[in-house]
Amino acid sequence: MSTSLYPLASLAQIEKTPSREDGIPEELELDLRAFGCKLIHEAGVLLRQKQVAVATAQILFQRFWYVTSMKQFGIGDIGMGALYLASKLEECPVRMRDLINVYDLLLQRTAHRLKYGPVPTSSADAFKYVPMSYFGGTFYDLKDALVVAEMQILKRLGFNVHVVLPYGTLVNYLRLLGLTEREDVSSKAWGFLNDARVYPLLQTPVYALYAVPTIVSAAILLATRQLGIALPSSPESCWWELFDAEWEDVWSVAGYIMRLYRERSPEDQARVLGLVSKKGVRSWLDQNVPTISQS
């Protein structure tokens with residue numbers, strides 16, 4: 001990670017992440033990153049955690065995979081550890097037991113979707129949560145995984161867990177562009193930055209790749225284009241240059257967002273659901289890496 005006000009991935013880390021070095025294709029890695037962030041978001045909703053803590057956890061989660069391979073740690077475990085750590089950093093801690101219970105529910109639901117699909121064919125196949133015993137092995141396995149995940153995030157990020165969130169910057173930029181009176185623009189741009197369920201910017205790695213001004217500019221670009229609002233974009237007066245953002249970077253961030261709206265086949269969706277743990281990833285690599293290398 002580069003050293004600045006907040007760490008960003010280096011060019012070498014971007015071109016060849018540890019997961020890709022182990023044989024995980026780029027598209028699959030991005031899908032797993034997105035699903036891990038989605039689990040963090042769902043856990044935050046169930047825990048009624050503050051959005052600032054959830055967003056911080058998702059950013060730490062994305063940074064982690066630029067220094068570590070998904071072959072070594074599961075996205076479920078690291079997501080759980082990232083949310084636990086972020087809750088401490090933002091001074092809104094959660095009880096370890098509550099977090100473990102929520103992730104146990106989410107992992108059970110993921111396994112159920114993998115087995116029966118997103119829409120079960122009969123009521124008998126509907127998801128039913130089975131609470132774990134606090135004296136059984138599952139609770140202690142998840143507890144150990146949580147402690148290890150938090151420790152590994154701190155260790156592998158070099159204790160550099162400073163996160164800059166873009167919300168204040170967005171308000172200032174909208175004011176400079178004269179868009180604060182347009183509630184629809186403010187709401188949509190804020191949503192791109194904030195709500196991982198509807199506008200999935202937090203499900204992408206952009207917060208580990210680009211500076212906040214570039215990310216905020218991309219959110220404004222998408223919001224204004226969707227609402228049909230024209231902003232100065234001639235070569236002599238490009239609005240994004242007012243914020244020291246490069247057009248190529250702004251367009252790249254927008255591309256990361258739009259990628260998540262693409263249609264996925266049922267096979268691709270099922271593949272992601274089966275790779276939440278490192279055991280699943282290693283099994284997939286054993287079956288597919290020779291085929292990939294031959295092609």
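Q49 lies in the loop that runs between α3 (26-47) and α4 (51-64), where helices are DSSP runs of H or I with at least four residues and strands are runs of E with at least two, numbered from the N terminus. This is a predicted model, in which local features need pLDDT of at least 70 and side-chain atom pairs count only at pLDDT 80 or more, while totals for chains, interfaces and linings use all residues. Residues are numbered from 1 along each chain as its sequence is written, and side-chain values use heavy atoms, with hydrogens and water left out.

**Exercise 1.** Determine whether Q49 is buried or exposed, and which residues Q49 touches.

Solution. Q49 has a relative accessible area of 13% and is therefore buried, since buried means under 20%, exposed over 50% and partly exposed in between (1.4 Å probe, protein chains only). Leaving aside residues up to four places away in sequence, Q49 touches G44, V54, S87, C92 and V94, a contact being heavy atoms within 4.5 Å. The C-alpha atoms of Q49 and L83 are separated by 9.5 Å, although these residues stand 34 residues apart along the chain.

**Exercise 2.** Locate S217 and describe its surroundings.

Solution. S217 belongs to helix α10 (residues 212-226). Its relative accessible area is 0%, so S217 is buried. Beyond residues up to four places away in sequence, S217 touches Y173, W239, F243, A245 and V250.
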